[in-house]
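Subject: Structure handover

Hello,

Here is the structure you were expecting. My notes follow below it.

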Amino acid sequence: MAQVRYFVNDVGETADFYTRYLDFKLERRSGDTLAIVSRDDLQLWLVGPTATAARPVLDGRKPEPGGWNRIVVTVQGLDPFLAKMKDRAVKFRDEVTTGPTGRHLLCEDPSGNLVEIFEPG
């Protein structure tokens, strides 16, 4: 099982996003500090600003949400899946793009972390 850590602004809001819109299962929640959600062979650790992992590192930089690294959620039937998300005001960074391996687009979780929704071609 792969584990990915995402820094988030609000653990509850972000855990709700992944369980409600992207079919993740809530595995564990520790208040506003951490939620672990899973889907297939991926565990996503959602780390809030009060967690020890969110403290500044030795050079003074502080971990924060956002950026361009992302997880990829593979779906069958991209159009109906996206319709479900658009009805709930999910923020998208681009339009559906078709490439040699399938179709995809990027959306953001409530903290601005990227999620690529991918339908194999």
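Asp23 is partly exposed, with a relative accessible area of 44%. Here buried means under 20% relative accessible area, exposed over 50%, and partly exposed in between, with a 1.4 Å probe and protein chains only. Asp23 has a positive phi of about 60° although it is not a glycine. The residue sits in the loop between α1 (11-21) and β2. Helices (H or I, at least four residues) and strands (E, at least two) are DSSP runs, numbered from the N terminus.

Before the rest, two notes on the model. It is predicted: local features need pLDDT of at least 70 and side-chain atom pairs count only at pLDDT 80 or more, while totals for chains, interfaces and linings use all residues. Residues are numbered from 1 along each chain as its sequence is written, and side-chain values use heavy atoms, with hydrogens and water left out.

Asp40 is found in the loop between β3 and β4 (42-47). With a relative accessible area of 67%, Asp40 is exposed.

Helix α1

Asp10 caps the N-terminal end of α1, with a side-chain oxygen 3.1 Å from the backbone nitrogen of Gly12. For reference, a polar contact is a pair of N or O atoms within 3.5 Å; within protein, one must be able to donate a hydrogen and the other to accept it, and residues adjacent in sequence count only if both atoms are side-chain atoms. The buried residues of α1 are Val11, Gly12, Thr14, Ala15, Phe17, Tyr18 and Tyr21.

The side chains of Asp16 and Arg20 meet in a salt bridge, at 3.3 Å from N to O. The term salt bridge stands for a side-chain nitrogen of Lys or Arg within 4 Å of a carboxyl oxygen of Asp or Glu. Asp16 and Arg20 are 4 residues apart in helix α1, so about one helical turn separates them. Asp16 is partly exposed at 32% relative accessible area, and Arg20 counts as partly exposed at 46%.

Strand β2 (residues 25-30) and strand β3 (residues 34-39) run antiparallel and are joined by 5 bridges. Two strands pair if DSSP finds at least two bridges between them. Ser30 stands opposite Leu34 in β3. The two strands form a hairpin with 3 residues between them, and Gly31 in the turn has a positive phi of about 55°.

The four-stranded sheet

An open sheet is formed by 4 strands in the order β5-β8-β7-β6, with mixed pairing. Its edge strands are β5 (70-74) and β6 (97-99), each of which pairs on one side only. Neighbouring strands of this sheet are turned by 30° against each other on average, direction ignored. Axes are lines fitted to C-alpha atoms, for helices over the stretch in contact, and angles run from 0 to 180 degrees between N-to-C directions.

Strands β6 and β7 (residues 102-108) run antiparallel and are joined by 3 bridges. Gly99 has Gly102 of β7 as its bridge partner. Helix α2 (residues 78-86) lies across β7 and β8 (114-120), running at about 15° to β7. Contact means heavy atoms within 4.5 Å.

Salt bridges

How many salt bridges does a search of the whole structure find? The search finds 9.

Glu116 and Arg70 meet through their side chains in a salt bridge of 3.2 Å, N to O. This pair links distant parts of the chain, with Glu116 in strand β8 and Arg70 in strand β5, 46 residues apart. Glu116 counts as buried at 14% relative accessibility, whereas Arg70 is partly exposed at 35%.

Glu108 forms a salt bridge with Arg93, and their closest N and O atoms are 2.7 Å apart. Distant parts of the chain are linked here as well: Glu108 is in strand β7 and Arg93 in the loop between α2 and β6, 15 residues apart. Glu108 is buried, with a relative accessible area of 13%, and Arg93 is partly exposed at 30%. Finally, salt bridges that share partners join Asp79, Arg103 and Glu119 into one network.

Regards
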